[in-house]
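Here are my notes on the model you sent over. Have the structure open while you go through them.

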Amino acid sequence: MAEIRGVGIGQGVATGPVRRMAEALPAPDDTPSTVGADAERVRAQEAIADVAADLNRRAESVTGSAQEVLEAQAMIAEDPTLADEVEERIVAGSTAEWAVHDAFAGFRASLEAVGGYLGERAADLDDIAQRVLARLRGVPAPGVPDPGHPFVLVARDLAPADTALLDLDKVLALITTDGGPTSHTAILAREKGIVAVVGAAGADALADDETVIVDAASGTVSTDPDAAALERAAARAADRQAADTAPPTPGALADGTPVALLANLGKPADAADAVARGAEGVGLFRTEFLFLSATHAPTVSAQREAYRELLAAFSGKKVVVRVLDAGADKPLPFLNDAHEENPALGLRGLRALRASEDILREQLTALAEADAETEADLWVMAPMVTTVEETVYFTALAREFGLRTAGVMVEVPACALLADRLLTHADFASIGTNDLTQYTMAADRLLGSVASFQDPWHPAVLRLVAEVGRAGAALGKPVGVCGEAAADPLLAVVLVGLGIGSLSMAPAALSDVRRSLAQHTAGDARRIAEAALGADDAASARAAATSAASSPAVPSP
Ligand code: PEP
Ligand code: MG
């Protein structure tokens with residue numbers, strides 16, 4: 001049995017046969033056809049028709065947004081304008097391969113030039129062109145494979161369109177060679193509760209059909225497992241499933257210290273699942289997710305309806321709503337200037353809202369109206385707060401609208417370092433470890449080449465968390481974490497040891513974190529946190545915490 005190491009997402013374990021995701025096909029050469037236009041025409045028409053039929057077949061087997069994506073792709077494949085473009089090139093002497101490649105690329109450029117919704121469809125054209133090319137060459141189509149049985153998917157990384165289409169009944173586990181714990185793929189795996197090991201560079205060597213054990217808890221992939229290892233993995237998976245279906249209890253440490261376990265949500269429709277998984281409220285409602293495809297600011301009434309639906313699902317419970325966090329990875333055309341050179345350091349979050357204060361005022365109006373109609377305990381917070389002055393601005397404005405509890409997200413190191421000053425004005429702080437890590441480590445959270453820096457276990461990030469935890473304790477103000485770090489079961493214990501009182505995460509992560517917290521007392525959590533803080537880098541912090549968590553406390557003399 002051999003082992004490949006990476007970063008595990010969650011605590012799951014799964015076993016199955018490998019299926020590799022085919023890589024993108026190289027572009028064809030523009031060499032003239034040797035078989036003549038008639039033969040090339042038949043080849044092109046058959047390949048396009050096959051691809052469209054395949055997309056329609058797959059659309060019929062799924063529902064919701066996956067179905068819409070596939071149906072739209074089938075329609076694009078059969079678009080008569082595209083067929084004319086392909087025909088034109090074939091008549092001029094091109095091969096079917098070149099005609100398809102060039103016609104689709106030309107169509108893609110015109111869609112991009114139109115922008116808006118059509119511009120967003122440009123990437124679909126690449127995907128369809130690749131499928132047609134694969135059919136013409138008789139090789140597997142790039143993208144998520146469909147071998148007709150459950151499998152462990154091995155990929156370099158997943159594109160958003162691939163992830164939207166993942167069939168969770170078929171994909172037993174996910175292994176990527178690239179990406180870190182806060183990559184798009186990792187976030188999605190956590191949301192969907194997929195057993196995953198990311199950043200496992202050695203997975204390049206895995207071959208189709210070989211059996212592997214994917215152990216997210218240890219961040220390992222075992223190849224050529226023996227019967228005993230397979231049995232142990234199956235028993236662990238069964239235990240975990242049993243724990244998942246047990247009625248959830250409120251989050252607490254082994255000594256009974258409460259740690260509120262809250263949900264990160266992007267739309268009200270996800271509230272029911274969060275409640276079923278035992279979410280004690282909402283720690284982060286990402287309002288910008290409601291309006292990502294909007295070209296104009298949403299109306300007060302549309303917003304009020306969405307917030308009312310969310311708050312009604314959490315009657316009597318805390319719901320933390322973040323005002324629009326537009327910019328960088330989540331640009332909103334009505335709030336951001338698309339031409340900034342460095343949008344992560346630009347006018348994003350509260351900065352963008354302040355520049356369009358009418359939009360912020362409308363959002364606070366909608367929140368106050370929804371609050372008045374419902375029984376949840378509404379807290380509002382601002383993203384990307386950097387200064388004391390911004391804190392005073394936002395909390396004063398929220399109170400002007402009658403919103404009782406107003407706080408700040410700590411995502412910028414400057415904000416963490418002055419937490420004691422900021423928290424004299426704000427009612428609470430919520431640490432966004434995804435951005436806090438990005439800005440502390442100077443590593444773009446979307447860039448695979450610097451993914452190894454983007455690790456919230458880094459002691460530099462942990463020191464900043466400790467700073468905010470200390471300030472909250474000194475001033476009696478609640479401090480929570482709502483970044484991906486809260487969903488890592490051992491890091492969750494470290495965060496509590498650093499003074500964090502509530503943890504908010506994708507609902508699928510709640511049960512693993514609940515179980516992990518219940519294994520340690522408050523004293524253990526502080527000791528484990530100290531071990532992590534004393535390390536030089538993220539990997540050693542994780543290792544030090546793992547070893548402190550498995551060794552009992554030394555009794556004081
Ligand atoms: C964060 O930055 O940690 C956070 C929770 O916000 P988002 O991931 O939406 O930027
Ligand atoms: Mg953020």
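1. Some ground rules. Two strands pair if DSSP finds at least two bridges between them. Helices (H or I, at least four residues) and strands (E, at least two) are DSSP runs, numbered from the N terminus. This is a predicted model, where local features need pLDDT of at least 70 and side-chain atom pairs count only at pLDDT 80 or more, while totals for chains, interfaces and linings use all residues. Residues are numbered from 1 along each chain as its sequence is written, chains are lettered from A and ligands numbered from 1 in the order in which they are written, and side-chain values use heavy atoms, with hydrogens and water left out.

2. Start with β9 (residues 260–265), which is joined to β10 by three bridges, running parallel. Ala 263 has Val 282 of β10 as its bridge partner. Val 282 in turn is bridged to Val 319 of β11, and β10 (residues 281–286) and β11 are parallel, with four bridges between them. β9 also pairs with β16 (residues 502–505), again parallel and over four bridges, with Leu 261 opposite Leu 503.

3. How covered are they? Five of the six β9 residues are buried (under 20% relative accessible area; exposed is over 50%, partly exposed in between, with a 1.4 Å probe and protein chains only). For β11 (residues 318–322) the count is four of five, so this strand is largely enclosed by the rest of the structure.

4. The magnesium site. Which residues hold the ion (ligand 2)? The protein donors are Glu 411 (OE) and Asp 435 (OD), 2.0 to 2.1 Å from the magnesium. Donors here are N, O and S atoms within 2.8 Å of the metal (3.2 Å for Na, K and Ca); water is not among the atoms, so sites may look incomplete. Glu 411 sits in the loop between β13 (405–410) and α15 (413–417), and Asp 435 in helix α17 (residues 433–441), so the pair ties together parts that are 24 residues apart in sequence.

5. Around α17. Eight of the nine residues of α17 are buried, including Thr 433, Leu 436 and Met 441. Their cover includes β10, β13, α15, β14 (429–431), α18 (459–475) and β15 (479–481).

6. A helix crossing. The axes of α19 (residues 489–497) and α21 (residues 522–533) come within 7 Å and cross at roughly 100°. Axes are lines fitted to C-alpha atoms, for helices over the stretch in contact, and angles run from 0 to 180 degrees between N-to-C directions. The two helices are therefore roughly perpendicular (65 to 115 degrees; under 35 is roughly parallel, over 145 roughly antiparallel, the rest oblique). Among the contact residues (heavy atoms within 4.5 Å) are Leu 490 and Val 493 of α19 and Ile 528 and Ala 529 of α21.

7. The eight-stranded sheet. The open sheet has the order β1-β8-β7-β3-β4-β5-β6-β2, with mixed pairing. Its edge strands are β1 (2–5) and β2 (7–9), each pairing on one side only. β5 and β6 (residues 195–198) are parallel over three bridges, and Ala 173 is bridged to Val 195 of β6. Val 171 lies in β5 (residues 171–176) and is buried, at 6% relative accessible area.
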